[in-house]
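Subject: Structure handover

Hello,

Here is the structure I promised to pass on. Please open it next to this email, and my findings follow below.

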Amino acid sequence: MRGSTVPFVSKLNHLSLFATKILRNQHQTYTSKSCYSSSSLSFRNDPTVLPTALTCSANSKCILLGSQIHAQIIKLGLSNDVFSQNNIIKMYTKCGLLAHGLKVFDEMPMKNLVSWTFVISGAIQTGEFEMGLGVYLAMRRTGLVPNEFALGCVRKGCAALGNKELGECIRCFVLKVGMETNPFVGSSILNMYAKLGDIEDAERVFECMDNRVGCWNAMTGGYAQCGYGFESLMAFSLMQYKGIPMDTFTFINALKGCLIVGNLNFGRQIHGLIIQSEVAFSTAVMNYLMDMYFKNGGELYALKVFDRLQNYILEYCVFKSLTR
């Protein structure tokens, strides 16, 4: 039990030392009197210090570091600085402390589009879908136009709640402002329709999208999600015919299609394409490939894939050890 806590303690000590270093450097940067004489403070020597520290705490989920940075920002008189406050909201929501992020958001005298987007994203990511949609509607009432990230988050909330009516409103808004050609927005709306089981509307959205791999992945994944395995495989075949590059998600969606239709031969063909691609040793792809073989009567092939993956992992570990 004692041994299991050592990595966590070591990581915490490392982050604390990093925080101390960041704060010390930052204190040296902002000790001049001019820094305290104005509410719109500028980071004279290194404006990236605070955002870097907050990003570190968010990525490591270390609230200790984040709260220390937040306290230092208050001491520096940066409570009215929108950029700093936005980064604090992002840090708290990524650490799973949505209530703390909302408190910072409520206390901001000025909010911009990024502020609203971080709150919407944080609410959706923590499963507070109704709150996320409510914040989105409140933002729209202020007159702000949402960006593709806010629309993507709201799309996810609509799908989770089964709110097709609001989803339709979002699609109409996207058409109105001319964002229907944005691959991220288009893929998000397509995924929303697929999760709502409306594959026909998903196809109509797809027809307006370009030939980027992400758009095709959204369609092949949408077919598989709705149980249309044959259509998913047809879209996959069309991608290959058109010479569209394939990535990890492409092969995973195709393997899902094989699972639905139970076609072992097509699965073996996909396996051949995987070997020729750059994702031949992707753990996620190999897991789906083994699952496809096991469920379609190809146990021997699944075991061969497993052995090959194990050998690759062993060789990789040995190589990394020798190159240190």
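Helix α7 passes helix α9 in a left-handed crossing. The model is a predicted one. In it, α7 covers residues 113–125 and α9 covers residues 148–161. Their axes come within 9 Å and cross at roughly 25°. Angles under 35 degrees count as roughly parallel, so α7 and α9 are roughly parallel to each other.

Which residues of α7 and α9 meet? From α7 come T117, I120, S121 and I124. From α9 come F149, A150, C153, V154, K156 and G157. By class, this contact of α7 with α9 has six nonpolar residues, three polar ones and one charged one.

Helix α5 spans residues 82–94, and helix α6 spans residues 98–107. The two pack at an angle of about 165°, and their axes are 7 Å apart. The cut-off for roughly antiparallel is over 145 degrees, which means that α5 is roughly antiparallel to α6. The crossing of α5 past α6 is left-handed. On the α5 side, the contact is made by Q85, I88, I89, Y92 and T93. On the α6 side, L98, H100, G101, V104 and F105 take part. The contact of α5 with α6 divides into six nonpolar and four polar residues, with no charged ones.

Now the end of helix α3. This helix runs over residues 49–60, and S60 lies in it. Is S60 buried or exposed? Its relative accessible area is 16%. Buried means under 20%, so S60 is buried. What does the side chain of S60 reach? The backbone oxygen of S57 is at 3.4 Å. The backbone oxygen of C56 lies 2.7 Å from a polar atom of the S60 side chain.

K61 lies in the loop between α3 and α4, and α4 covers 63–75. Look at its backbone. Most residues other than glycine have a negative phi. K61 is not a glycine, yet its phi is positive, at about 55°. The relative accessible area of K61 is 53%. Exposed means over 50%, so K61 is exposed.

M290 has a relative accessible area of 10%, so it is buried. Which residues does M290 touch, leaving aside those up to four places away in sequence? They are A302, V305 and F306. M290 and L300 are 10 residues apart along the chain. Their C-alpha atoms are separated by 9.8 Å.

Finally, the chain as a whole. How many helices and strands does the protein chain have? There are 18 helices and zero strands. The chain has 324 residues, and buried residues make up 42% of them. Contacts were also sorted by separation along the chain. Among contacts with a separation of 6 or more, 60% are between residues 24 or more positions apart.

Then turn to K61 and its positive phi.

Best wishes

Conventions: Residues numbered from 1 in each chain as written. Predicted model: local features only at pLDDT ≥ 70, side-chain atom pairs only at ≥ 80, totals over all residues. Heavy atoms only, no water. Helix = DSSP H or I, 4+ residues; strand = E, 2+ residues; numbered from the N terminus. Buried < 20%, exposed > 50% of the residue type's maximum accessible area, 1.4 Å probe, protein only. Polar contact = N/O pair within 3.5 Å; in protein donor to acceptor, adjacent residues only side chain to side chain. Axes fitted to C-alpha atoms, helices over the stretch in contact; angles between N-to-C directions. Parallel < 35°, antiparallel > 145°, perpendicular 65-115°, else oblique. Left-handed = near helix turned anticlockwise from the far one by under 90°. Contact = heavy atoms within 4.5 Å. Nonpolar A, V, L, I, M, F, W, Y, C, P; charged D, E, K, R; others polar.
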